[in-house]
Amino acid sequence: MIRDTIHDIIARAVAALREQDEVPNVELPAFDVERPQATAHGDYATNVAMKLAAAAKSAGQKVNPRALGETIAARMRETVALVPAYDLVESVEVAGPGFINIRLKSAWLLEQVGRVVAEGNSFGTITLGRGRRVNLEFVSANPTGPVTVANGRGAFIGDALGSAMRAAGFDVTQEYYFNDSGAQIEKLGRSLEYYLRLARGEADAQKPEEGYFGPYYETVAARMLEGDAGALLTLADDERAAEIGQAAAALIMSDIKETMAKLRIEFDVFFKQASLEPSGELAAAIEEMRAAGYTEERDGALWLTTTRFGDDKDRVIVRSSGEPTYFASDVAYMRNKFHRGFDRLILVLGPDHHGYIARLKAVARMLGHAADDLHVLLYQLVTVKGMRMGKRLGNVVTLDDLYDEVGPDVTRFFFLMRSSDTNLDFDLDLARKQTDENPGLSVQYAHARAAGVFRKAAEQGIAESDWAGADLGMLAGDPPEQRERELALVRQLLRLEEIVERVAVALEPHHLTRYGMDLADAFHLFYDTCPILKTGADVTREVRDARLRLLRAAQAGLARTLTLLGMSAPERMERAEPSEPAHAPA
RNA sequence: GUGCCCGUAGCUCAGUGGAUAGAGCGUUGGCCUGCGGAGCCAAAGGCCGGAGGUUCGAAUCCUCUCGGGCACGCCA
């Protein structure tokens with residue numbers, strides 16, 4: 001990455017200066033290379049002089065950071081002039097309290113366009129992960145109903161994070177854990193038994209006091225009756241609820257998979273909790289904990305002593321009744337993941353799970369791993385503004401509801417606009433708009449606009465082979481206003497690699513949406529300022545060809561960004577018919 | 001009571017210890033013979049909840065405090 005090159009130049013210059021005792025002889029502290037907010041400050045800025053001055057001060061040497069900055073900057077200029085690989089730097093200046101601002105050469109920036117076009121679909125790929133294996137678990141909503149916006153937020157976060165981490169060089173497995181056993185399944189069974197009996201016209205059907213109710217479950221019952229679910233109603237009392245629950249859960253699981261597929265949320269593995277017992281892994285995990293001395297018997301139950309590793313209380317894994325708890329399955333499941341050879345586990349969980357982090361990290365330690373091998377990514381609540389009642393569950397809005405309202409692309413963009421650890425207020429009225437006010441669409445529109453120019457070019461008989469080898473240096477001769485917009489577009493494009501890195505390191509996929517908006521903005525500005533095929537515009541053939549090549553790079557960058565977000569990159573935008581308001585006036 | 005998240009423009013939110021705190025929407029005012037106006041330009045709008053502290057430098061880190069949300073089972 002470019003920033004790594006800048007970092008090298010700085011480190012090399014400082015090392016050379018230290019050999020000649022021109023800077024304080026202290027260990028070089030960690031320093032930042034960042035993009036300044038103000039473009040007037042150049043492409044990159046570093047605080048190395050201030051950091052080094054601070055380190056010197058604590059070692060008893062007094063140094064003026066500004067003067068140190070001047071010394072380092074001067075040496076950087078020499079380094080850049082000497083090393084051909086560093087030929088991307090235009091200027092090195094000191095500003096403010098000692099910042100060193102680095103500006104890149106326009107010619108070098110323009111050359112990068114060729115690289116972007118050549119990399120195409122793989123542009124934005126970096127080697128950060130070095131093939132390390134990561135298990136990314138998300139959604140994992142119980143198969144007791146449709147996925148709601150509350151637990152569906154993890155779907156978008158997880159899927160986009162997976163894409164970005166793959167681009168960053170990690171080997172990612174995306175996984176869904178179905179809790180398809182236990183008391184909730186029996187509860188589901190009792191609820192469905194009621195709906196099944198209702199559907200068969202049994203007037204004396206008893207509605208359970210607690211359960212899963214709503215229009216959705218009526219349809220599930222109807223679909224079950226298309227099969228042989230009627231036979232389940234004749235089962236004995238002690239197995240009927242569980243059997244009906246299993247049958248319903250299987251059907252709901254297929255619905256959930258369908259929802260995920262519609263929203264382009266991909267999973268490599270659907271793991272069923274119920275499989276842990278027959279496979280023997282549940283018993284093996286409990287035994288492993290016992291053999292390692294991490295369990296204690298108290299009150300007839302078996303406790304896992306998670307307090308040894310920082311949890312605030314121990315946890316039961318086998319009840320006094322002899323039944324393993326849900327937490328026992330968690331232990332077995334985590335053990336299963338580590339046995340599959342993952343270096344790192346990431347769990348994307350909702351806000352109600354924060355109390356689990358300590359115990360899960362304790363389990364990771366008990367399984368012989370570092371607490372940091374397990375990362376829990378918590379996201380906060382979701383509210384939906386603009387839709388009073390969901391269509392399927394009544395009081396709750398589901399992902400299918402949103403899909404029907406605004407489609408997969410806008411849904412994904414809106415869910416990814418916010419940081420995971422802030423509440424998400426889904427503005428459905430804004431999401432429904434098919435105008436430039438809708439930020440998600442404007443990114444797609446930029447891509448479609450680029451595609452439109454290439455269509456127009458084809459109509460005029462201009463083929464890709466005509467401009468594929470165009471001299472991008474031509475653009476350096478453009479009028480300043482146009483050149484600046486072209487360069488601004490290139491700069492935005494080149495940021496993608498840094499964005500991918502940041503998303504993968506900080507586990508913050510929301511940066512991708514913001515970047516998408518920034519890139520689309522830069523694109524629209526370029527498009528408005530720099531005519532390419534416009535009739536009447538005075539554009540030479542050489543400039544036209546160079547701009548087409550830049551346009552192709554922009555299109556590739558936009559497509560890549562959209563792909564990472566799990567959105568489509570349309571060749572043209574088509575206005576859909578306005579959808580009916582969710583609460584139409586009577 | 002204990003723990004976690006949040007508090008930044010009218011609204012919804014970005015912001016990696018750095019320079020003049022940004023975006024989208026909304027508001028106001030401009031730009032339509034031309035590659036798709038689903039666009040562009042501009043303006044107004046901020047004691048970054050409050051108080052201390054650390055630092056050359058704090059929206060960011062620490063302590064306290066005030067507001068809002070969530071979680072704390074031999075439930076799953």
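**Exercise 1. Helix 8 and helix 12**

Task: Find how the axes of helix 8 and helix 12 are arranged in this predicted model.

Solution. Step 1: Locate helix 8 at residues 237-262 and helix 12 at residues 399-416. Their axes come within 11 Å and cross at roughly 25 degrees.

Step 1: Apply the cut-off. Angles under 35 degrees count as roughly parallel, and helix 8 and helix 12 are therefore roughly parallel to each other.

Step 2: Helix 8 passes helix 12 in a left-handed crossing.

Step 3: List the residues that meet. Helix 8 brings Thr259, Met260 and Lys262, while helix 12 brings Leu399, Asp400, Tyr403 and Pro408. By class, this contact of helix 8 with helix 12 divides into four nonpolar, one polar and two charged residues.

**Exercise 2. Helix 12 and helix 14**

Task: Decide which class of angle describes the packing of helix 12 and helix 14, and name the residues that make the contact.

Solution. Step 1: Read the geometry. The two helices pack at an angle of about 120 degrees, and the axes of helix 12 and helix 14 are 8 Å apart.

Step 1: Classify the angle. The range for roughly perpendicular is 65 to 115 degrees, and that for roughly antiparallel is over 145. An angle of about 120 degrees therefore makes helix 12 oblique to helix 14.

Step 2: Name the partners. From helix 12 come Asp409, Val410, Phe413 and Phe414; from helix 14 come Pro439, Gly440, Leu441, Val443 and Gln444. Six residues of this contact are nonpolar, two are polar and one is charged.

Step 3: The crossing of helix 12 and helix 14 is right-handed.

**Exercise 3. Helix 4 and helix 18**

Solution. Step 1: Helix 4 covers residues 106-119 and helix 18 covers residues 541-564; their axes come within 8 Å and cross at roughly 50 degrees.

Step 1: Val113, Gly114, Val116 and Val117 of helix 4 touch Arg549, Leu550, Arg552 and Ala553 of helix 18. Five residues of this contact are nonpolar, one is polar and two are charged.

Step 2: With neighbours within four places in sequence left aside, Ala559 is in contact with His447 and Ala569. Gly516 is 43 residues away from Ala559 in sequence, yet the C-alpha atoms of the two are 9.8 Å apart.

**Exercise 4. The surface near RNA strand B**

Task: How many residues surround RNA strand B, and which elements supply them?

Solution. Step 1: Count the residues. RNA strand B is surrounded by 63 residues, the closest being Phe99, Arg319, Tyr356, Asp436 and Tyr527. Of the atoms of RNA strand B that come within 4 Å of the protein, sugar and phosphate account for 64%.

Step 1: Sort the residues by class. The surface near RNA strand B has 22 nonpolar, 18 polar and 23 charged residues.

Step 2: Assign elements. Those that each supply at least two residues include helix 2 (48-58), strand 4 (99-104), helix 6 (183-199) and helix 14 (439-459). The largest share, seven residues, comes from helix 17.

Step 3: Asn47 has a polar side-chain atom 3.2 Å from a base nitrogen of RNA strand B. Arg514 places a polar side-chain atom 2.8 Å from a sugar or linking oxygen of RNA strand B.

Terms used:
Residues are numbered from 1 along each chain as its sequence is written. Chains are lettered from A and ligands numbered from 1 in the order in which they are written. This is a predicted model: local features need pLDDT of at least 70, side-chain atom pairs count only at pLDDT 80 or more; totals for chains, interfaces and linings use all residues. Side-chain values use heavy atoms; hydrogens and water are left out. A residue is near a molecule or strand if one of its heavy atoms lies within 4 Å of it. A polar contact is a pair of N or O atoms within 3.5 Å; within protein, one must be able to donate a hydrogen and the other to accept it, and residues adjacent in sequence count only if both atoms are side-chain atoms. Helices (H or I, at least four residues) and strands (E, at least two) are DSSP runs, numbered from the N terminus. Ala, Val, Leu, Ile, Met, Phe, Trp, Tyr, Cys and Pro count as nonpolar, Asp, Glu, Lys and Arg as charged, and the others, Gly among them, as polar. Axes are lines fitted to C-alpha atoms, for helices over the stretch in contact, and angles run from 0 to 180 degrees between N-to-C directions. A crossing is left-handed if the near helix is turned anticlockwise from the far one by less than a right angle, and right-handed if clockwise. Contact means heavy atoms within 4.5 Å.
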